[in-house]
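Me: I am new to this structure and would like to learn how to read it. Could you take me through it one feature at a time?

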Amino acid sequence: MVYQRSSALFQEAQTVIPGGVNSPVRAFKAVGGTPIFVEKAKGAYLYDVDGNQLIDYINSWGPMILGHAHVPVVNAVIEKAQKGTSFGMPTEIETDIAALAVRMVPGIEKIRFVNSGTEACMSAVRLARGYTGKDKIIKFAGCYHGHSDSFLIQAGSGAVTFGTPNSPGVTKGTAKDTLLATYNDLENVAQLIQDNKDEIACIILEPVAGNMGCIPPADRFLQGLRTLCDANNILLIFDEVMTGFRLAKGGAQELYNVNADIVTFGKVIGGGLPVGAFAARAEIMNHLAPLGPVYQAGTLSGNPLAMAAGLAMLTELNSNAEVFDSLEKKTAYLHKGLREVMVKNGVAHTINRVGSMLSIHFSEAPVVDFKTAAHASGENFKLFFHGMLQEGVYIAPSAYETWFLCDALTYLDLDKTIEAANSVAQKLA
Ligand SMILES: *Cc1c(COP(=O)(O)O)cnc(C)c1O
């Protein structure tokens with residue numbers, strides 16, 4: 001495949017946009033080469049500016065769970081746009097999507113909409129601090145909660161990819177209130193709580209980690225955190241920006257049968273438009289302005305186009321619950337195929353998967369936390385990434401990202417992907 005026009009557009013972009021991109025991981029820095037510029041997308045396929053067709057395993061980093069340009073979502077946006085695109089005043093559709101989300105997700109009574117996952121997590125932590133009257137938070141190395149200051153302490157994803165886990169610009173004062181724990185290590189968390197008695201407002205985590213590749217929670221890990229939080233007057237925040245409305249209607253809370261105190265959303269909840277949200281039981285949410293003293297606001301929050309896309313998406317998922325089952329089966333099929341190919345070609349690998357999230361780490365050792373994820377071979381990942389791209393399969397350009405399947409993928413697409421992986425695996429060490 002040739003990526004001539006993409007290269008030219010990237011050169012041009014770099015003259016007026018830092019690094020040529022509006023979000024760092026798009027720049028291919030971790031894998032080398034130049035990013036692909038998209039012309040359009042439909043279903044499971046991307047079409048780039050050079051006329052190449054690619055099978056898409058990123059799906060906009062998660063939102064397009066039903067495939068690109070899904071007709072009910074597109075129609076809902078077009079219809080809304082004709083009536084005006086923003087008012088900064090209340091609209092009925094905000095209540096409609098809020099009511100549906102509250103019905104679908106366990107344990108939440110009220111929800112507030114924002115414009116990104118970053119905003120959702122930032123606001124959730126402020127709410128937790130305001131509610132508990134405590135300052136410190138616990139986050140896990142390798143978990144990503146957006147780019148707000150308190151989270152840029154060993155964040156996963158792009159922040160790790162670029163080797164700047166502690167970004168300049170984050171003050172020492174902010175960093176000292178973020179305590180770092182090891183994912184899947186309950187004892188480590190218990191010790192941190194012990195050492196910071198009565199100072200911790202919340203524990204925030206991805207209930208299934210997806211920003212150091214995919215890492216499932218160990219048996220009893222989430223339950224253990226719930227117990228620790230209850231015993232120490234700490235709020236448990238599940239960052240379900242990635243897992244929400246993807247792993248099940250009710251996200252990871254439903255899948256693992258553990259309830260968080262505050263849940264954050266993004267990605268799928270916006271159906272591909274810029275939406276984030278955070279939710280909790282009413283008693284906690286009532287601390288937010290204008291009801292309570294914890295301030296949070298947004299000129300474009302609850303934007304009608306964004307709400308129309310989100311409502312259409314959630315309505316589809318709520319009325320076709322078999323989607324989650326279908327995605328589970330497709331991803332399990334891909335998992336099995338990829339594993340067989342790696343084994344056959346003698347490539348050291350670990351494939352982690354939960355529902356429609358999957359990742360390959362080129363390491364034989366189990367990948368259970370950030371340290372074990374970082375131990376995998378970056379060289380093999382680069383070769384694999386570019387090999388797959390040449391075969392017409394687009395996976396995330398970083399070993400610290402997860403594959404997100406969409407239900408528009410057919411078994412033929414999956415077979416092609418497995419075949420491509422077989423050709424590429426032959427060239428790996
Ligand atoms: C993507 C992501 C975020 C940030 O969301 P943005 O919309 O990119 O700001 C936060 N948390 C998790 C788990 C994510 O995957």
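Me: What share of the contacts with a separation of 6 or more is between residues 24 or more positions apart?

Reply: Contact means heavy atoms within 4.5 Å. In this chain, 72% of the contacts with a separation of 6 or more are between residues 24 or more positions apart. Please keep in mind that this is a predicted model, where local features need pLDDT of at least 70 and side-chain atom pairs count only at pLDDT 80 or more, while totals for chains, interfaces and linings use all residues. Residues are numbered from 1 along each chain as its sequence is written, and side-chain values use heavy atoms, with hydrogens and water left out.

Me: How many helices and strands does the chain have?

Reply: Helices (H or I, at least four residues) and strands (E, at least two) are DSSP runs, numbered from the N terminus. Here you will find 15 helices and 14 strands. The chain's radius of gyration is 21 Å, close to the 22 Å from the globule rule for 429 residues, so the chain is as compact as a globular protein of that length. That radius is taken over C-alpha atoms, and the rule is 2.2 Å times the number of residues to the power 0.38.

Me: What percentage of the residues is buried?

Reply: Buried means under 20% relative accessible area, exposed over 50%, and partly exposed in between (1.4 Å probe, protein chains only). By that cut-off, buried residues make up 56% of the 429 residues.

Me: Which residues of helix H7 are buried?

Reply: In H7 (residues 186-195), the buried ones are Val189, Leu192 and Ile193. They cover an arc of only 100° around the axis, which puts them on the same side of H7. The arc is that of the directions from the helix axis to the C-beta atoms. Glu187, Gln194 and Asp195 are exposed on the other side of H7. Among the elements covering the buried residues of H7 are strand S5 (136-140) and helix H8 (221-231).

Me: Is His68 buried or exposed?

Reply: His68 is buried, as its relative accessible area is 10%. You can find His68 in the loop between strand S3 (53-56) and helix H2 (71-81). Beyond its neighbours within four places in sequence, His68 is in contact with several residues, including Tyr45, Leu46 and Asp56.

Me: And Gln4, buried or exposed?

Reply: Gln4, in helix H1 (residues 4-16), is exposed, with a relative accessible area of 61%.
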